[in-house]
Amino acid sequence: MDAMISPSTPGKFKPEKPHHHLHHHHHRPLFRLQHSPLFKCGLIVVCASVVVVLLLCLAPSHPSSSSSSSSSPFAASRIERRSLSASSSSSWGGAEWEKRVRYSARIRRVGGFSVLVTGAGGFVGTHVSAALKRRGDGVLGLDCFNDYYEPSLKRARQALLDRIGVFVVEGDINDGPLLRKLFDVVPFTHVMHLAAQAGVRYAMKNPASYVHSNIAGLVTLLEACKSADPQPAVVWASSSSVYGLNTKVPFSEFHRTDRPASLYAATKKAGEEIAHTYNHIYGLSITGLRFFTVYGPWGRPDMAYFFFTNDLLNGKPITIFEGPKGESVARDFTYIDDIVQGCIGALDTAKKSTGTGGKKRGPAQLRVYNLGNTSPVPVTELVTILERLLKVKANKKVVKMPANGDVQFTHANISLAQRELGYHPTTDLKTGLKRFVRWYIEYYNPPGVASLTKKSARSNSS
Ligand SMILES: NC(=O)c1ccc[n+]([C@@H]2O[C@H](COP(=O)([O-])OP(=O)(O)OC[C@H]3O[C@@H](n4cnc5c(N)ncnc54)[C@H](O)[C@@H]3O)[C@@H](O)[C@H]2O)c1
């Protein structure tokens, strides 16, 4: 409840002085003043000004038929809109819109699911939505299309999903009325929650965006899920970053996760605790998936493999980090198709939620799994593979890794996911990067490298 009334802008909230302090020093003069007509007039003017200022602050920053910003109980939603702008054309409701929602979520196989995929305009969300649709599940996407990275890429993914019959509703997961409407229109069996503020380093620039999407947004979504009838089973993306300063490798679900190295990691860890609460109180079936550095076609431009490719093709120098003693930085790179297989495995094995009418009727499933590739690759090797694929020599600058939230090493133990989700990653980094580079060149069509596409297409089919 406190969170609802306290402004969440870092540094803005100033605690009031203790009451006894106020009483001792100001009680008498205040009492005298209260009875003067001048004071009463002044009070009315001050109150009126405060109301006007509050109304101005609470007004949505852009028109929308949804009531997203004003309806959210979380102050962070306003902060977000000032710093990371979402698309201004969001609108929802009406008979035609409802028809599209229903059509997109319609199940087309026996025993199929109807899945609400949040973050469907994102990298993982697009691939998961497409895979579910292909096998006959009903899929409805939700995304706010913010400009954390190029919105045109998110729009291109949306167009791709549109072509295969997946409607991506434009809206924020903090928009409670929108979520309730979606659950009114469709009795979703599952929610695949992938919407989030991703990226480790950006958290130092815009911390509020992480609170907005990864904490406030998650709570708003789980509130809608717990009240929905039937309650859906929820599968959501946590992150390998929750292992933080853990040095035991490979990272296992049984290791400590209480030492996050970034605010991003801290919000994902908080998400895991919030998931526990909603499972415990409301009987929601919840599965958290800790993804390890996902890469592939339609990927995220803020990730190293992506911007290295861009820089290499533009002849720009690339910066490679190393540890304080010259140790190489390594990542357990996981190919997108393997992650999709893990997500679907989690959906397929998710048990039903046990609550109805917002009340728990029995214990419900609560799970956490690592989805990685079990083979960490030094970032220097990633660059070597890209050099070969792009046929360019990198101009490398090796610098010590700054203390900005990144960890030196990630390595997943995936035995739990193998056993319980049937998760079996099959794509090595070389194969996956070849597919990524082919997509990159087709999508961006950089001048002078068209020939690479043909070569990589030939080598892929051989
Ligand atoms: N890609 C990785 O390597 C990786 C690793 C670990 C965890 N994850 C997690 O996996 C999930 C998917 O990641 P991704 O790589 O596809 O990221 P992404 O940024 O491409 O996708 C996230 C999508 O969520 C949307 N979004 C953000 N805030 C929203 C909000 N408040 N309301 C509605 N939509 C919102 C964004 O517009 C974006 O399209 C995220 O939860 C991320 O934290 C990703």
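Residues are numbered from 1 along each chain as its sequence is written. Because the model is predicted, local features require pLDDT of at least 70 and side-chain atom pairs count only at pLDDT 80 or more, while totals for chains, interfaces and linings use all residues. Helices (H or I, at least four residues) and strands (E, at least two) are DSSP runs, numbered from the N terminus.

Seven strands form an open sheet in the order β3-β2-β1-β4-β5-β6-β11, with parallel pairing. Pairing requires at least two DSSP bridges between two strands. The edges are held by β3 (167–170) and β11 (366–371). Each has a single partner strand, so one side of each lacks a neighbour in the sheet. The twist averages 20° from one strand to the next; axes are lines fitted to C-alpha atoms, for helices over the stretch in contact, and angles run from 0 to 180 degrees between N-to-C directions.

In β6, I286 is the bridge partner of V234. Seven of the seven residues of β5 are buried, so the strand is largely enclosed by the rest of the structure. A residue is buried if 20 or more other C-beta atoms, placed from the backbone, lie within 10 Å of its own, exposed if 12 or fewer, and partly exposed in between. A233, V235, A237 and S239 point one way from β5, and V234, W236 and S238 the other way.

Helix α10 (residues 207–227) contains S209. The helix has 21 residues and reaches 29 Å from its first C-alpha to its last, close to the 30 Å expected. The expected span is 1.5 Å times one less than the number of residues. A kink of about 35° is centred on G217, the bend being the angle between axes fitted to the seven residues ending at a residue and the seven starting there. Of the 21 residues of α10, 18 are buried. S209 counts as buried because it has 24 C-beta neighbours inside 10 Å. Its C-alpha atom lies 9.6 Å from that of A198, 11 residues apart along the chain.
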